[in-house]
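Hi everyone, thanks for making time this morning. I'd like to walk you through a model I've been looking at, so let me put it up on the screen.

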Number of protein chains: 2
Amino acid sequence: MGTIFVLSAPSGTGKTTICERLIKSLPNLKMSISHTTRKPRIGERDGVDYFFVDREVFETMIKNNDFVEWAEVYGNFYGTSKKVINELFQSGNDVLLDIDIQGAKNIKKTYPDSVLIFILPPSLEELEKRLKQRKEEIDTIKMRLNKVKEEISQYKIYDYLVINDDLDKAVKEILCIITAEKLKTNKVNQQIINNF
Amino acid sequence: MGTIFVLSAPSGTGKTTICERLIKSLPNLKMSISHTTRKPRIGERDGVDYFFVDREVFETMIKNNDFVEWAEVYGNFYGTSKKVINELFQSGNDVLLDIDIQGAKNIKKTYPDSVLIFILPPSLEELEKRLKQRKEEIDTIKMRLNKVKEEISQYKIYDYLVINDDLDKAVKEILCIITAEKLKTNKVNQQIINNF
């Protein structure tokens, strides 16, 4: 049985790069592709970056309880479909999800064995610096920093806390978390035990 | 606060080599030195390999509740002293213990945060082969194989299960377990959170 690994991180924490590296390192770890009502950007492909659906389809999926978690962000809907996750499990994969704290909570409710990892920047000052380098608006930066503070206050809902002060180190640590989780006695294939 | 990592493994599973490699890799991980009533063998040093004490001293320590766990093996006493563990914690270390399932259970009772790791040979056939290579007596081998079966039947008291079919891989996996355990939100230094 596969395991869901949820990564939550404030923007500017290097989450996208971390996810890419994890997927590259672990052939049995796959990103779950989200559904969204947002229009595709240039270069984005349906079924690869997202499943692009219109609002009516998305709302029907909500009604049918097809999502483990969904959220509205700046007027667009984003959701993680149970079917997508189950298909990944059935083909022998673990699942990586890149979602925020609210989504993480919902995942844990439906999949209690899922593993929640929170990635922190080295400090708020460092995060502010990184967001300024990206030339984000002052108001956006303020909003993001407040969101981080709020998320950090709830860090205990996460199983693990990784500080990204060094990208290579952070990636290694998350790879270790994934390796360790697969070695837990409750995750071990019963067949191995029966062989003794 | 330090963490206790318990390694249990049938003889012939490579446990001694694994412990040596772990200690070499992690400067803050120390083996706890046991007390024993066994006589020192040539080359063994008091306070390094064991604390060598006589039976009377050991029995007084039992009465004083000085041991987290102790056992009698072939007429000799072996025990893990609480004072030794606490001193390792106070100097900022994690503790590695090499003890059997009964000892592991007692450690978990006194230190509920301790992490129990069980190392398995690739198969019983492989273990039998390794024990025969060591030229162990047939009766000893039979007794050890029966003990392994009994221990494996209780594997669920352990947190993690590592199969030593490749020494380098097994060491890496245990290093990952130790890394991951130190990243758990309930082990993270509260100071880190307060900085945000």
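Let's begin with the sheet in chain A: in what order do the strands lie, and is the pairing parallel or antiparallel? Before I answer, please keep in mind that this is a predicted model. The order is S2-S7-S1-S8-S9, five strands in an open sheet, and the pairing is parallel. Going from one strand to the next, the twist averages 25°.

S2(A) runs parallel to strand S7 of chain A, residues 94–98, and three bridges join the two. If you'd like a residue pair to look for, A:Met31 stands opposite A:Leu96 in S7(A).

Now for the two chains together. How is chain B related to chain A? A rotation of 180°, with 0.0 Å of shift along its axis, superposes chain B on chain A, and the RMSD is 0.0 Å. That is the relation of a two-fold axis. If you want to find the axis from chain B, go to B:Cys176: its C-alpha is the nearest one in that chain, 2.3 Å from the axis. Both copies use the same surface, as 100% of the contact residues of chain B recur in chain A.

What does that contact consist of? On each side we have 23 residues, 23 of chain B in contact with 23 of chain A. On the chain B side, the elements giving two or more residues are helix H6 (138–153), strand S9 (160–163) and helix H7 (167–182). H7(B) gives the largest share, five residues. By type, that side of chain B divides into 14 nonpolar, four polar and five charged residues.

On to the core. In soluble globular proteins, nonpolar side chains tend to be buried together. Here the largest nonpolar core has 82 residues, and those with the most contacts inside it are A:Val6, A:Ile117, B:Val6 and B:Ile117. Take B:Ile117 as an example: leaving aside residues up to four places away in sequence, its contacts include B:Phe5, B:Val6, B:Tyr160 and B:Ile174.

Last stop, B:Pro112, in the loop between helix H4 (101–110) and strand S8 (115–120) of chain B. Is B:Pro112 buried or exposed? It counts as exposed, because it has 7 C-beta neighbours inside 10 Å. B:Pro112 and B:Thr3 are 109 residues apart in sequence, yet their C-alpha atoms are 10.0 Å apart in space.

Notes: Residues numbered from 1 in each chain as written. Chains lettered and ligands numbered in written order. Predicted model: local features only at pLDDT ≥ 70, side-chain atom pairs only at ≥ 80, totals over all residues. Pairing = 2+ DSSP bridges. Helix = DSSP H or I, 4+ residues; strand = E, 2+ residues; numbered from the N terminus. Axes fitted to C-alpha atoms, helices over the stretch in contact; angles between N-to-C directions. Contact = placed C-beta atoms within 7 Å. Nonpolar A, V, L, I, M, F, W, Y, C, P; charged D, E, K, R; others polar. Core = buried A, V, L, I, M, F, W, Y, C linked by C-beta atoms within 7 Å. Buried ≥ 20, exposed ≤ 12 C-beta atoms within 10 Å, placed from the backbone. Least-squares fit on C-alpha atoms with pLDDT ≥ 70 in both.
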